[in-house]
Amino acid sequence: MKLIFASGNQYKLQELQSKLNSSIEVLSMRDVGFAGDIDEPGETLEENAKIKAEYIHNLFHENCFADDSGIEINALNGEPGVYSARYAGEGCSFADNNEKVLEKLKGIEDRTARFRTVIHLIYDNQHYVFEGEVKGKITMTNKGVDGFGYDPIFIPDGQIKTFAEMTLDEKNSISHRAKAVQKLSDFLLNR
Ligand code: IMP
């Protein structure tokens, strides 16, 4: 079974391939000859995942899916959420975003947060949505050098290490994306 994944992110593709059954072949945007960027004008993760999946479906008329993820911090009313990638401004780095979060949470006791992934699948012209989340806490400082994004400032519940202090396998066994991908995989295998 072939599926187009509406993302150019190699890190995600690697994680996906390792999670999905080998009978499911995921084609990247590069594999299908698409080199552009897809706009993400949505105000929720759900909207953006749908926009990206529909964009690719309209172009290629093949089964496809897209994902959108973000971190939601309770004391910041769910910020940065859908704006996670560009929280500290257009062109900002992961470090800029982490610094902004740590600054905003200075003196605030509630450091609870969650990562959330939404996957939008278009399969045989039907739409399906899968969600994964991992709850945890924002640290007081950056810890660890692996991973990406907010990994150095997030400790999942029940763990003592940040995502950035974990191996890729450790993170992938509990991450929001892994949970959403598992649901996608279960769905595809049971069809
Ligand atoms: P995307 O939709 O998966 O590209 O994620 C959007 C943004 O959310 C990323 O640029 C990161 O800032 C943040 N993010 C998503 N997933 C993760 C993760 O697993 N670790 C750290 N940051 C993440």
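A: Two strands count as paired if DSSP finds at least two bridges between them. The strands themselves (E, at least two residues) and the helices (H or I, at least four residues) are DSSP runs, numbered from the N terminus. This is a predicted model, in which local features need pLDDT of at least 70 and side-chain atom pairs pLDDT 80 or more, while totals for chains, interfaces and linings use all residues. Residues are numbered from 1 along each chain as its sequence is written, and side-chain values use heavy atoms, leaving out hydrogens and water.

Q: What makes β5 and β6 a pair?
A: Strand β5 (residues 126-138) meets β6 over 3 bridges in the antiparallel sense, and the rule asks for at least two, so they pair. At one of these positions, I138 has F154 in β6 as its bridge partner.

Q: How many bridges join β4 to β5?
A: There are 12, and the two strands run antiparallel. F115, for instance, has V134 in β5 as its bridge partner. The two strands form a hairpin with 2 residues between them, and D124 in the turn has a positive phi of about 50°.

Q: In which order do the strands form the sheet, and which are its edge strands?
A: The order is β2-β1-β3-β4-β5-β6, an open sheet of 6 strands with mixed pairing. β2 (25-27) and β6 (154-156) are the edge strands, as each pairs on one side only. Ignoring direction, neighbouring strands are turned by 35° against each other on average.

Q: Which strands does helix α1 lie across?
A: Helix α1 (residues 10-19) lies across β1 (2-5), β2 and β3 (64-73), at about 155° to β1. Helix α2 (residues 45-60) also packs on the sheet, touching β1, β3, β4 (112-123) and β5, and makes about 165° with β3. Such angles run from 0 to 180 degrees between N-to-C directions of axes fitted to C-alpha atoms, for helices over the stretch in contact.

Q: Why are α1 and α5 called oblique?
A: α1 and helix α5 (residues 176-189) pack at about 50°, with axes 10 Å apart. Roughly parallel needs under 35 degrees, roughly antiparallel over 145, and roughly perpendicular 65 to 115, with the rest oblique; α1 and α5 are therefore oblique. Y11, K12, E15, L16 and K19 of α1 meet R177, A178, V181 and S185 of α5, where contact means heavy atoms within 4.5 Å.

Q: What makes the pair Y123 and F187 edge-to-face?
A: The search of the whole structure finds 9 aromatic pairs. The rings of Y123 and F187 have centres 6.5 Å apart and planes at 90°, so this pair is edge-to-face. Rings of Phe, Tyr and Trp (its six-membered ring) pair with centres within 6.5 Å; planes under 30 degrees apart are stacked, over 60 edge-to-face, and the rest tilted.
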